Amino acid sequence: MGSYYIWTVGCQVNVADSGKLAAGLRRLGWEPTDQAEDADFIVLNTCAIRQQAEDKAANKLGAIRFLKEANPAIRVAVMGCTVGPRTEELSERFPFVDVFAQPQRFDKVLSVLDLPDEDSGGEFWPAVFPDEATPFAYVPVVEGCDKFCTYCIVPLRRGRERSRSIDEVRHEVEAHVARGTREVTLLGQTVEAYGKDQPPVEGGTDHADLFDLMSAIHEIEGLQRIRQLTSYPPDMTDRILEGMASLPKVCESFSLPVQAGDDETLERMKRGYTVAEFRERVAKIRSLMPEVGISTDVIVGSPGETDAQFRNTCRLLEELRFDKVHVAAYSERAGTFAARHQPDDVPQEEKMERLHTIEEIQKRIAFEINHELWGRRFEVLVEALKAGREPGVERLTGRTRTAKLVHFDAPQGVYRLGDAVEVEINRTYPWSLRGAIVAQPEPALTR
Ligand code: SAH
Ligand code: SF4
Ligand code: F3S
């Protein structure tokens with residue numbers, strides 16, 4: 001056995017996949033290292049959502065090439081969304097890579113290590129869960145995507161929707177909680193699609209849905225918060241939303257990408273909803289959870305987007321007032337419907353101007369929303385600790401249930417990652433809040 005190094009970019013799904021691969025390697029006796037230079041086995045887990053992401057992997061590979069030239073015994077695997085079904089082009093461009101593996105083809109990644117078959121295929125992978133003790137864990141519940149938005153590479157790389165069983169997910173969440181996890185985020189590209197690919201539950205006509213899954217893990221003692229990512233309006237049924245609102249551990253927080261606030265643009269993107277339908281789902285969420293935090297994603301400069309259509313998107317952002325907006329300039333992805341049929345006709349400078357316009361609008365909105373939180377008290381789950389400016393003081397960072405980032409100071413050594421702390425907000429910014437502790441932690445009986 002030897003040592004491994006895993007480099008990960010992209011979304012939470014990639015983070016979860018890398019965690020699983022690391023757990024599998026450790027089960028086989030391999031040891032992690034902090035830098036590629038010290039590893040016998042280097043794995044790059046890559047993202048292809050935009051050109052920028054692909055370029056990052058190419059740059060990293062440039063550095064790895066020198067390591068491989070210096071020591072040809074090193075094994076190098078590239079996995080994740082830059083790898084499609086055909087790898088000839090990649091092999092030509094990066095001949096020193098030993099294997100290219102599509103997302104989740106862990107067996108293929110391990111094929112370069114000359115392991116016995118039973119250690120990498122069959123029953124091995126389904127039983128491997130990420131095993132690091134972390135207060136926050138990502139748990140994929142539905143893999144792949146069936147939506148085929150015209151601009152998007154994800155379905156071409158991650159395949160059709162496949163839901164895991166409730167039992168398997170519960171088992172994984174229990175394993176996390178037993179190691180100290182307090183908050184889980186259930187992952188899916190369109191997470192409310194959970195269960196749609198499964199047969200009806202015994203004796204009924206409906207499949208189990210995200211609410212059934214959340215209800216099942218809600219019972220796990222020690223688990224404090226449940227989140228979900230990413231939401232997709234047409235899959236968000238009233239049953240799921242009302243069910244979520246009824247479960248106290250489910251946080252009032254949604255990541256609900258709109259992509260555009262203009263019907264013609266949404267139609268070209270084949271998003272599967274209209275602006276009115278999107279607005280109605282937001283209203284439903286807000287009626288059920290008045291304090292909810294909602295973030296969204298927007299693509300500017302998608303093929304054919306006119307200035308007037310872009311203005312409609314700006315207007316929708318002003319109207320719906322999201323807590324956060326992730327804005328991206330359209331990047332053509334080879335193989336997508338858009339790349340074949342919708343010319344990338346918005347000039348780069350125009351894309352950047354639109355991007356900045358949205359950033360400015362959102363900065364003001366986020367500042368206004370956060371300003372209203374001055375003086376309020378929130379439960380914050382600690383996710384980072386670092387030395388403070390004065391001796392004996394630590395700077396803590398965590399999130400509210402609505403996913404607001406809060407910084408506060410605490411006496412050194414009192415709090416640990418994952419602790420719930422009550423904090424009163426005394427300064428507000430567009431992207432974060434600052435506050436002061438108002439309550440000491442309860443005696444921790446369960447530790
Ligand atoms: N499944 C989620 C998002 C997955 S991709 C959803 O349906 O919204 C994450 C984000 O990347 C998207 O929300 C989108 O805003 C952005 N994105 C995807 N493809 C892109 C492309 N070709 N160019 C620019 N941004 C893109
Ligand atoms: Fe891509 Fe659309 Fe699927 Fe999201 S829903 S992953 S944007 S195809
Ligand atoms: Fe995620 Fe990037 Fe793939 S965003 S699904 S790692 S293309």
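## Helices side by side

Helix 8 crosses helix 10 in a right-handed manner. Keep in mind as you look around that this is a predicted model. Helix 8 covers residues 238-246 and helix 10 covers residues 275-288; their axes come within 10 Å and cross at roughly 25 degrees. Because angles under 35 degrees count as roughly parallel, helix 8 is roughly parallel to helix 10.

Which residues of helix 8 and helix 10 meet? On the helix 8 side they are Asp238, Leu241, Glu242 and Ala245, and on the helix 10 side Arg281, Lys284, Ile285 and Leu288. Sorted by class, the residues of this contact of helix 8 with helix 10 are four nonpolar, no polar and four charged.

Helix 10 also packs with helix 11 (residues 307-320), at an angle of about 15 degrees and with the axes 12 Å apart. That makes helix 10 roughly parallel to helix 11. The crossing of helix 10 and helix 11 is right-handed. Helix 10 brings Val275, Phe278, Arg279, Val282 and Arg286 to the contact, while helix 11 brings Leu316, Glu319 and Leu320. The contact of helix 10 with helix 11 has five nonpolar, no polar and three charged residues.

## Cysteines

A disulfide is a covalent bond that joins the sulfur atoms of two cysteines. How many disulfides does the structure hold? The count is zero. Two cysteines can be looked up here:

| Residue | Relative accessible area | Class |
|---|---|---|
| Cysteine 251 | 1% | buried |
| Cysteine 314 | 6% | buried |

Technical notes: Residues are numbered from 1 along each chain as its sequence is written. Chains are lettered from A and ligands numbered from 1 in the order in which they are written. This is a predicted model: local features need pLDDT of at least 70, side-chain atom pairs count only at pLDDT 80 or more; totals for chains, interfaces and linings use all residues. Side-chain values use heavy atoms; hydrogens and water are left out. Axes are lines fitted to C-alpha atoms, for helices over the stretch in contact, and angles run from 0 to 180 degrees between N-to-C directions. Helices (H or I, at least four residues) and strands (E, at least two) are DSSP runs, numbered from the N terminus. Angles under 35 degrees count as roughly parallel, over 145 as roughly antiparallel, 65 to 115 as roughly perpendicular and the rest as oblique. A crossing is left-handed if the near helix is turned anticlockwise from the far one by less than a right angle, and right-handed if clockwise. Contact means heavy atoms within 4.5 Å. Ala, Val, Leu, Ile, Met, Phe, Trp, Tyr, Cys and Pro count as nonpolar, Asp, Glu, Lys and Arg as charged, and the others, Gly among them, as polar. A disulfide is a pair of cysteine sulfur atoms within 2.5 Å. Buried means under 20% relative accessible area, exposed over 50%, partly exposed in between (1.4 Å probe, protein chains only).
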